[in-house]
Each structure stands twice: as structure tokens, then as C-alpha cells.
Amino acid sequence: RDDELKELCEGVLATVEKLDEDAKKAGRPMVPFEGPLLLLTDQPRRDNVDPIQQKWNFFANTLMGPLILACKSGQLDLVDAALGCFQKLLSYGYVQGTTPNTDGSDLIVNEMVHFASEAGKFVGQRGAEGIPIKIISAMAAVVTSPSAGVHEKH
């Protein structure tokens, strides 16, 4: 898993560096919400998905892969960092309530809730002192973030 996690993290870093490079070439700094719009991908276009939304989804999935793997690793420092990232991605609107996971079988928000609740198994272990507050912060972001879609009417 360490090799897979390293490869995913390097992919995220390359994506972010490309976004930053593209923004610099365009003569403006990379700012939240603009980065995914600059992302050029070779993803196949789905007819029923807006192209801009498709880029957002690709960007969110690129970021989520290493975080989910970090949660699965069981290494407390990685779980702690991943939970903090989940919270920030939701709070800043990088992950939206309608963002599907890579294979389209579920929403990323649902996966985030699942892995945050699974992290509860580490509570009480030596070295896991920061995990309970990170779980609470991640769950609070899910229910308070306008982008999470928890309060949308269907």
C-alpha cells in the first residue's frame, strides 16, 4: 500500500503543479475554485455531464484517492492528516455533494463519511489523541457546508 499511496500522492502533486503552472502562464495566481476550471484532461466526455462539472469531478477524485488510501492504511498520522483534508475539501467547496466517485457507484461525500466514521476504531489508541476532533470536524463540515448538499431538497 505504501507504493500505491506514494504513486497517488505524486499524481496529485503533479496535477496541482500543472494547475499552478497554467495559472502562472495565464498571468494570474491559482485561487480556489478556479484551479479545476484550468485543468486540461483527456477524460472521455459524458454527454449528460457539463464539461466544467466533469473537470471538477476529475479534480476531486484526483485529490480523494490518496486520502482514502491513507485512511485505509491504519497509520495514525496518515489517518489524522486525511481527516483534516476531508474537512478542508468540503469546507472550501472542492468536493460537492453531487460529485461521484471514480467508478460512479457512490458519491465522494458518502465515502468521506464512511472513512471518517471508520476512523473511530482508532479512538483510544496510543497516539490517536487528535483523531476524535478530526472526525467531529469532518462530520461537521458535511452537515454545515453548502457544497455538501446535505440540506438540498429532492
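The questions and answers below concern a predicted model of a single chain.

Q: How many helices and how many strands are there in the chain?
A: Read along the sequence, the pattern is α-α-α-α-α-α. The chain has six helices and zero strands.

Q: What percentage of the residues in the chain is buried?
A: A residue counts as buried when its relative accessible area is under 20%. The chain has 154 residues. Buried residues make up 38%.

Q: Which residues of helix α5 are buried, and on what arc around the axis do they lie?
A: Helix α5 runs over residues 108–118, and Ile108, Val109, Glu111, Met112, Phe115 and Ala116 are buried there. An α-helix has 3.6 residues a turn, so residues three or four places apart point the same way.

Q: Which residue forms a salt bridge with Asp80?
A: A salt bridge needs a side-chain nitrogen of Lys or Arg within 4 Å of a carboxyl oxygen of Asp or Glu. The closest N and O atoms of the pair are 2.9 Å apart, and by this rule the count comes to one salt bridge. The partner of Asp80 is Lys134.

Q: Which helices does the pair of Asp80 and Lys134 link, and how many residues apart are the two?
A: Asp80 lies in helix α4 (residues 76–91) and Lys134 in helix α6 (residues 131–144). The pair thus joins distant parts of the chain. The helices are α4 and α6, and the residues are 54 apart.

Q: What C-alpha distances separate Asp77 from Gly130 and Asp80 from Ile133?
A: Asp77 and Asp80 are in helix α4. Asp77 is exposed, at 55% relative accessibility. Asp77 and Gly130 are 53 residues apart in sequence, and Asp80 and Ile133 are also 53 residues apart. The C-alpha distances are 9.3 Å for Asp77 and Gly130 and 9.5 Å for Asp80 and Ile133.

Q: Where is Tyr94, and how far in space is Tyr94 from Trp56?
A: Tyr94 is placed in the loop between α4 and α5. At 18% relative accessibility, Tyr94 counts as buried. Tyr94 and Trp56 are 38 residues apart in sequence, and their C-alpha to C-alpha distance is 7.7 Å.

Q: Which residues form a negative surface patch, and is Glu7 buried or exposed?
A: The patch is formed by Asp2, Asp3, Glu4, Glu7 and Glu10. Glu7 is in helix α1 (residues 2–25). Membership requires over 30% relative accessible area, and Glu7 has 59%, so Glu7 is exposed.

Note on methods. Residues numbered from 1 in each chain as written. Predicted model: local features only at pLDDT ≥ 70, side-chain atom pairs only at ≥ 80, totals over all residues. Heavy atoms only, no water. Patch = residues over 30% accessible without salt bridge, like charges linked within 9 Å, V, L, I, M, F, W, Y side chains within 5 Å. Areas by Shrake-Rupley, 256 points an atom, 1.4 Å probe, with all protein chains shown as cover. Lys, Arg positive; Asp, Glu negative; His and termini not counted. Charge placed at Lys NZ, Arg CZ, Asp CG, Glu CD. Helix = DSSP H or I, 4+ residues; strand = E, 2+ residues; numbered from the N terminus. Buried < 20%, exposed > 50% of the residue type's maximum accessible area, 1.4 Å probe, protein only.
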